[in-house]
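Look at the structure first, then read on.

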Amino acid sequence: MSTSLLFRNIRVSLACGWGRGAKRALFRSPVASLQLRRPVIDTSYSSHFMDFKGSSIPSAMKKLVVTKLSQKFRDAVSLQTVPVPTPDDGDLLIRNRFIGINASDINYSAGRYDTSVKPPFNMGFEGIGEVVGVGLSASAHFTVGDTVAYFVEGAFAEYSVIPAKKGVRMPAIKPEFLAILLSGATAYIALKKLGELTEGQTVLVTAAAGGTGQFAVQFSKAAGCHVIGLCSSDTKAGFLKTIGCDRPINYRKEDLSEVLRREYPRGVDVIYESVGGDVFDLAINNLAVKGRLIIIGFISGYQSDLGLAPVKTTATALPVKLLKKSASMHGFFLPHYLSDYGEALASMLSMHARGKLVCEVDRGDAAPGGRFVGLESVFRAVDHMYNKGNLGKVVVALGPEAESKL
């Protein structure tokens with residue numbers, strides 16, 4: 001290493017906050033300066049791939065960590081202050097601006113997806129923000145300042161390190177893109193691969209005004225189907241009409257079973273089901289001949305100890321009910337369909353850019369305590385969802401500065 005290069009690297013290290021120790025070591029002895037060469041090179045590397053100055057990366061950050069397995073989110077999760085992580089060779093460091101809330105967050109905090117994982121572990125599935133650090137290999141595809149969305153475990157943090165291969169470049173930092181990322185993709189792929197939608201068919205979407213239900217309504221309508229949407233308020237029913245739902249049903253005012261019996265006596269061709277319990281029973285009993293029931297969740301049971309809501313349809317009765325109608329029932333879990341994800345995402349982004357896809361987000365304006373800002377508000381956001389207060393995808397802004405990115 002030339003003398004000029006060495007001192008240039010040292011100047012970079014001083015600018016990055018390594019100054020006092022490096023300065024003392026440099027002028028102590030020639031041996032000390034030789035011993036310092038490796039750290040100086042590493043610091044110089046960091047200055048090229050970490051946007052310390054432009055993004056003011058702090059030394060510490062906040063994140064949410066599961067410290068106890070429980071479906072009771074407030075009992076399971078704690079807010080902690082930890083060092084900001086550094087990306088490895090193939091990684092990106094993302095400053096999260098918005099994070100997405102999912103019904104399945106409490107399943108994750110309860111350890112239901114992988115029983116081998118024990119606390120402590122990080123929470124959250126999806127985020128969007130800007131790249132502030134890039135590993136060497138990752139720099140072939142991303143650069144500091146890029147807008148990236150992702151769904152990777154550990155998103156409930158002010159900064160997240162993710163594999164570059166799991167980052168999705170986005171045109172802007174908008175919370176609407178979080179709705180597309182997971183909730184939209186679930187509806188798009190499930191209906192395309194399992195729904196086999198045909199023009200003129202009838203589709204029932206449960207929890208239709210929620211994060212994924214809103215997309216199921218729109219994709220079904222775009223396929224030329226008659227769409228029934230189940231929801232919990234007149235406000236949600238009004239929203240469903242604006243996105244093409246032909247028959248919104250506010251179950252607090254109308255009995256779903258009676259409406260289906262009276263208005264759809266031949267049954268329903270496709271049911272996009274995420275509630276479980278009694279709604280699952282109604283779905284099974286109201287399938288049309290050759291009907292398809294797609295199960296993407298059962299939120300009514302997630303808060304119970306077992307994570308399931310009781311159903312009246314017994315295991316012995318279910319095959320009979322399906323057989324009599326040549327009907328089928330499918331489970332859908334997005335990670336099993338990642339080979340379809342790229343096409344789904346590209347199609348949805350194109351639809352959204354052309355004004356053909358509504359991505360409704362709920363930022364907490366109508367929730368107790370107001371808009372969801374900061375990791376502390378994740379707890380309120382989860383409560384808001386389980387109190388059936390949300391309209392659209394629930395998102396949390398990480399800091400007031402996220403507002404300025406819109």
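Q: Which strands does helix α10 lie across?
A: This is a predicted model. Helix α10 covers residues 256-263. Its direction makes about 150 degrees with that of β11. The strands it lies across are β9, β10, β11 and β12.

Q: Which strands does helix α11 touch?
A: Helix α11 spans residues 278-285 and packs on the sheet. It runs at about 150 degrees to β13. The strands it touches are β10, β12, β13 and β14.

Q: In what order do the six strands of the open sheet come?
A: Strands of a sheet can pair in parallel or antiparallel fashion. Here the pairing is parallel. At the edges are β11 and β14, each pairing on one side only. The twist from one strand to the next averages 15 degrees. The order is β11-β10-β9-β12-β13-β14.

Q: Which residue in β11 stands opposite L230?
A: Strand β10 covers residues 226-231. Four bridges join β10 to β11, and the two run parallel. Opposite L230 stands I249.

Q: Is F332 buried or exposed?
A: F332 sits in the loop between β14 and α13. Its relative accessible area is 7%. Buried means under 20%, so F332 counts as buried.

Q: How far apart are the C-alpha atoms of F332 and I294?
A: Along the chain, F332 and I294 are 38 residues apart. Yet F332 touches I294, and its other contacts include T186, L194 and Y337. The C-alpha atoms of F332 and I294 are separated by 6.8 Å.

How values were computed:
Residues numbered from 1 in each chain as written. Predicted model: local features only at pLDDT ≥ 70, side-chain atom pairs only at ≥ 80, totals over all residues. Heavy atoms only, no water. Pairing = 2+ DSSP bridges. Axes fitted to C-alpha atoms, helices over the stretch in contact; angles between N-to-C directions. Contact = heavy atoms within 4.5 Å. Buried < 20%, exposed > 50% of the residue type's maximum accessible area, 1.4 Å probe, protein only. Lists of a residue's contacts leave out its neighbours within four places in sequence.
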